[in-house]
Amino acid sequence: MKVFKFGGASVNSVERIQQMARIVKEHHQQPLVIIVSAMGKTTNALEKVAEAFYAGKKDEALQLFNVIKQQHLTTAKYLLVTQFNACLAQLSDFFTEVEWLLHDKPVRGFDYYYDQVVCIGELLSTAIVSHYLAETGLANEWLDVRDIIRTDSHFRSANINWGYTTAKTLDAIEAQPGALYVTQGFIGATDENESTTLGREGSDYTAAIFANILDAESLTIWKDVEGVMSADPKAFPDAQFLAALSFNEVIEMAYYGAQVIHPKTIKPLQNKGIPLHVKCFLNSALPGTVISSKAVKNLPPIVVVKNNQVLLHLRSQDFSFIGEAAVSRLYTLFSELNIQPSLIQTGAISLQVCLDNRADKIEQLAAAASAVFDVQLEKELSLLTIRHYNAAILTAMTAGKEQVLVQQTKQTVQVLYK
Ligand SMILES: Nc1ncnc2c1ncn2[C@@H]1O[C@H](COP(=O)(O)OP(=O)(O)O)[C@@H](O)[C@H]1O
Ligand SMILES: N[C@@H](CC(=O)OP(=O)(O)O)C(=O)O
């Protein structure tokens, strides 16, 4: 059994879905589970629908949703002939699911509605993909992952109930010769059948969950890049291709914000020693990156840049030293608000916390922290992280930048700059 994951970029056009089917055909000699994300930027568009709905702008929400609807219908029309009616029936059910909800008035928290709306992206894309594969002679079973992935009700970043999910996965998926399953990444459901999501870009994680439970031979994540590179090639055209990486290295990269693999993806694979291949869907003959338990030496400097960072300066109100009570209160707040700081630096009477600029969370954190600290906020910062750095690359990459904060270990340097 192998697991493949195709992200939004690999299903964002008719041609790319056709290319995906070619890849599946090439690898279909053995049982395959295919995890698919929402097409292109559909999740972002659905977020706008949820926001308009929650702001009481029903007509705007319906209008925005209609654009998404038409995009999916157009794609289905281009791709499908014999399977079109069956696909249309399935898409229409999902459209109705959202439209009913949008006609209601919000009575619960935003995150609940967010998940009920946003999960549709993956349901729509997989319906189209599954029917297209069938149309090209690749018989497959479409699975609603919400019947399999059971989560708690922590909407927008739900946690997996591994016991239930394992039993359901083994029930739903059989490793028979020729078996081909298509299902959604990123989404799940609670005991009450409410849809949940696992956190943005969470489809990689779904794929790792399936690979772990099914004891897959490998997981392949198909991307629009040659493999994992030493930096985002969109921002750094000179980035180097990395043929092999260890699980631990990729955990570090994801932790520091590399956008290439979702941070939760690695552990389920590492625990079972399942190799992760990151391959290019535009050219499946390229070898791609292999990520495994094997240590990889002599890596080049690996660069991660996170923009839109905020720095909170927290100073003790009476100029007393920052003690364990204050630090413990701060970490409790991170946990309560589900905040993962990008960087923390502790001084004698002050603490500095660098975070992603999520306005809602920053406001709540700043308000709660002001009970204990004097709080100041600095915005529009970027956080540069270099793993396996050397003096030359550090100098080159920080030239001309106003440095706000620097943190350095033997392996990793981080520079927050304006
Ligand atoms: N270190 C890296 N190596 C390769 N790609 C990276 C890296 N960091 C960021 N990226 C970006 O990740 C993108 C692929 O991820 P993403 O767009 O989320 O794909 P998908 O939609 O398939 O999940 C690439 O186009 C590239 O710009
Ligand atoms: N569609 C979701 C989940 C995901 O993983 O997408 P992608 O594989 O395109 O990063 C998102 O955009 O967050």
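The bounds of a domain, as used here, come from an automatic or database domain assignment. On that basis the protein, which is a predicted model, is divided into domain 1, residues 2-292, and domain 2, residues 302-417. The centres of the two domains, taken over C-alpha atoms, are separated by 32 Å, and 10 residues of domain 1 are in contact with nine residues of domain 2.

A record can be set beside this division. An unreviewed UniProt entry gives the annotation "domain: Aspartate/glutamate/uridylate kinase" to residues 2-279.

**The annotated binding site**

The unreviewed UniProt entry also places the feature "binding site" at Lys-5, Phe-6, Gly-7 and Gly-8. Lys-5 belongs to strand β1, residues 2-6, whereas Gly-8 lies in the loop between β1 and α1 (14-26). If sequence neighbours within four places are left aside, the residues in contact with Lys-5 include Ile-35, Gly-185, Ser-203 and Asp-204, and also Leu-219 and Trp-222. Gly-8, when residues up to four places away in sequence are not counted, touches Ser-37, Ala-38, Met-39, Gly-40, Lys-41 and Thr-42.

A residue counts as buried if 20 or more other C-beta atoms lie within 10 Å of its own.

| Residue | Other C-beta atoms within 10 Å | State |
|---|---|---|
| Lys-5 | 28 C-beta atoms | buried |
| Gly-8 | 24 C-beta atoms | buried |
| Tyr-256 | 22 C-beta atoms | buried |

Helix α4, residues 84-103, has 20 residues and reaches 28 Å from its first C-alpha to its last, close to the 28 Å expected at 1.5 Å a residue. Within α4, the residues Cys-87, Gln-90, Leu-91 and Val-98 are buried. An α-helix has 3.6 residues a turn, so residues three or four places apart point the same way. What do the buried residues of α4 pack against? They pack against α3 (58-79), α5 (110-118) and α6 (120-135). On the other side of α4 there are exposed residues, among them Asn-85, Ala-89, Asp-93, Trp-100 and His-103.

**Strands β14, β15 and β16**

Strand β16, residues 412-417, pairs in the antiparallel sense with strand β14, residues 373-387, over six bridges. Leu-384 has Val-415 in β16 as its bridge partner. Strand β15, residues 403-408, also runs antiparallel to β16, and five bridges join these two strands. In that case the bridge partner of Gln-408 is Val-413 in β16, and a hairpin of three residues joins β15 to β16.

Tyr-256 is found in the loop between α9 (247-255) and α10 (266-272), and Tyr-256 is buried, since 22 other C-beta atoms lie within 10 Å. Which residues does Tyr-256 touch, not counting residues up to four places away in sequence? They are Val-304 and Thr-385. Tyr-256 and Val-305 are 49 residues apart in sequence, and in space they are 8.5 Å apart, C-alpha to C-alpha.

How values were computed:
Residues are numbered from 1 along each chain as its sequence is written. Chains are lettered from A and ligands numbered from 1 in the order in which they are written. This is a predicted model: local features need pLDDT of at least 70, side-chain atom pairs count only at pLDDT 80 or more; totals for chains, interfaces and linings use all residues. Helices (H or I, at least four residues) and strands (E, at least two) are DSSP runs, numbered from the N terminus. The expected span of a helix is 1.5 Å times one less than its number of residues. A residue is buried if 20 or more other C-beta atoms lie within 10 Å of its own, exposed if 12 or fewer, and partly exposed in between; C-beta atoms are placed from the backbone. Two residues are in contact if their C-beta atoms, placed from the backbone, lie within 7 Å. Two strands pair if DSSP finds at least two bridges between them. UniProt positions are given in the numbering used here, feature names are shortened, and annotations may be inferred rather than shown by experiment.
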